[in-house]
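I'll jot down what I looked up, one topic at a time.

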Amino acid sequence: MNRTTLSLIAGTVALAAVTGFATLSEPDASGTDTAEAAAVLPVERTGLLCPAPSASDLAETTYTSFTPVTKGTGSDGSAELLPASRESTDTAADEDAGKPAGDDKDTGETDTDKADTDKAADGEKADDRTADDKKTAVKPVLTPKAPGTPVTAETSGADEPALVGTAEGRFAPGWTVQQTTQVTAGNGRGLLGVACTAPDTEFWFPGVSTAADRTDYVHLTNPDDSAAVADIELFGKDGTVTTTVGEGLTIPAHSSEPILLSTLTAEKQDDLTVHVNVRSGRVGAAVQALDDKLGGDWLAASTDPAGTLVVPGIPKDATAVRLVAFAPGDADADLKVQLASPTGLITPAGQETMHVKGGMTTALDLGDVTRGEAGSLVLTPTDGSAPVVAAVRVVRGKGDKQESAFIPATGPVGTRASVVGNGAKDATLSLTAPTATAKVKVTASAGTGGGTAASKTYTIKQGTTQDVPLPVPAGLKGTYALTVENLTATPVHAARTLTATDSGVPGFTVQTLPDDRGTVAVPEADEDLRVLQK
């Protein structure tokens, strides 16, 4: 083994342990994947981004943080959520102007120096902190205490910022943050929930709208020290929608931009797909969809385009379900539509298939498809059709007391996934095993104010969805986290529904549980590497 190969392995191992996104595996001559011999290690650093919660003065927002206990972590580490805009307006303006932050070309005096000089002239004590000290001297919105126990923080009003979170050491593997907002009146009233997500470079959001009764924003949050540049594309029933300012949008460093979709195009369409592609840097992205009559919620990104998709956890009392799908590229997709019910896979009468033209958004009304039982949609291709992205819009209630929420197609739980902010009576966990029977362990953590963790194991039969009875912690005070672990090799999909009825309006929000990526496979050093290290 030469030094180049040794450097490659060493660098990849370090990157994998820190980020959780890097793996290195190489098939041997027989075709056997050497990743089977890889060591599974906990990640050492995780980043999450939470969008600005609401523009309503009536908004009441709760942030809940949780890290499951993970074997193999050390005793060190920390985690915190900070406002995305940690730097001064002057600093950001200087960066946008292309000169060093805080630098004044005419006099060589920084903005900080000027402020201190002015204070001294007024008889005030100058601030002798360094510029770096001032950037970091921001009080965290939330600071977790220990893995295994959730913590919360509450804010209110319309001016709460987007948040940037970082967890390191023992707090990093599986770190989860839930943002839940209740708005009692006005446009988008109801219960709005979103799981804060890791930054990325590409996102798909089927199910957005520019209709007259909808106010949809795509929130882009940049956690890094340099500006990010992103393109926003819209696709409707006839293909690409012409936009005016969707290309080359700049998201300044340490900032968040809510972009009203109706300002990007004059076309009014009920069903659109948004594609966010980041040219430079990385961002967090989520869509806030507000309806004049049906309340509002967050729409999280769909899983990557695939031939087979699962949309888990449709509430059993749903009065209307609308499936929206989009096929990237030029090839059409033909999908078989099935509902995974408590008794098995069934096909909705008259809605057995869905044809999605390439590059176009297609919608299918499924009505009250769950009929009072737990359900998840399973979309499978026919004749090797093209990959798609998908989401559903769900409505609960009747008449003037209706509320809506969104569920994107999501990946399987994988090894483990967690969801937080669950109360003693307001949470429902749905588990789906679309292809084979699976065994799943569910652990309820201690509460934010006390309690003892509890666990249960469930068997989910092939092709079914089960709303499982939750293992509520003994002596529960506050809210708790649910951690789902798949004990079998077959895929399991999961979603959690939170409910909160206000003045007869059945507010609710649904979060899916994809794999938490709390561990990473790192190739074990072979004999040659050990020899070289001696």
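Predicted model: local features only at pLDDT ≥ 70, side-chain atom pairs only at ≥ 80, totals over all residues.

**Entry 1: strand 3**

I began with strand 3, residues 60-66, and asked how much of it is covered. Five of its seven residues are buried, so I noted the strand as mostly covered.

Next I looked up the partners of strand 3. Strand 5 (residues 151-156) runs antiparallel to strand 3, and six bridges join them. Glu-60 faces Ser-156 of strand 5 across that pairing. Strand 7 (residues 176-183) also pairs with strand 3 in the antiparallel sense, this time over seven bridges. Here I found Phe-66 with Thr-176 as its bridge partner in strand 7. A reminder to myself: strands of a sheet pair through backbone hydrogen bonds, either parallel or antiparallel.

**Entry 2: the whole chain**

I stepped back for an overview. The chain has five helices and 37 strands. Of its 534 residues, 48% are buried. I also checked how far apart in sequence the contacting residues are. Among contacts between residues at least 6 apart in sequence, 79% join residues at least 24 apart.

Then I looked at confidence. The average pLDDT of the chain is 85, and 81% of the residues score at least 70. Residues 1-35 have a pLDDT below 50, and this stretch makes 44 contacts in the model beyond near neighbours in sequence. Residues 526-534 are below 50 as well, with seven contacts counted in that way. I've put a pencil mark beside both stretches.

**Entry 3: cysteines**

How many disulfides does the count come to? I got one. Cys-50 and Cys-196 form a disulfide, with their sulfur atoms 2.0 Å apart. The torsion about their S-S bond is about 110 degrees, so I wrote down "right-handed". Cys-50 sits in strand 2 (residues 45-50), while Cys-196 is in the loop between strand 8 (190-195) and strand 9 (202-208), so the pair ties together parts 146 residues apart in sequence. Both Cys-50 and Cys-196 are buried.

**Entry 4: nonpolar cores**

Which residues have the most contacts inside the largest nonpolar core? They are Leu-323, Met-354, Leu-377 and Val-392, in a core of 30 residues. Strand 20 (residues 333-341) supplies the largest share of this core, four residues.

**Entry 5: Glu-267**

Where is Glu-267? I found Glu-267 in the loop between strand 14 (255-260) and strand 15 (272-280). Its relative accessible area is 36%, so Glu-267 falls between the 20% and 50% cut-offs and counts as partly exposed. Not counting residues up to four places away in sequence, Glu-267 touches Thr-210, Val-241 and Thr-242.

Ser-430 stands opposite Ala-495 of strand 35.

**Entry 6: two positive phi values**

Most residues other than glycine have a negative phi. Ser-503 has a phi near 55 degrees. Ser-503 is in the loop between strand 35 and strand 36, and its relative accessibility is 61%, so it counts as exposed. Arg-517 has a phi near 50 degrees, also positive. I located Arg-517 in the loop between strand 36 and strand 37 (519-522). Its relative accessibility is 53%, so Arg-517 counts as exposed too.

Note on methods
Residues numbered from 1 in each chain as written. Heavy atoms only, no water. Core = buried A, V, L, I, M, F, W, Y, C linked by side-chain atoms within 4.5 Å. Buried < 20%, exposed > 50% of the residue type's maximum accessible area, 1.4 Å probe, protein only. Pairing = 2+ DSSP bridges. Disulfide = S-S within 2.5 Å. Contact = heavy atoms within 4.5 Å. pLDDT = per-residue confidence, 0-100.
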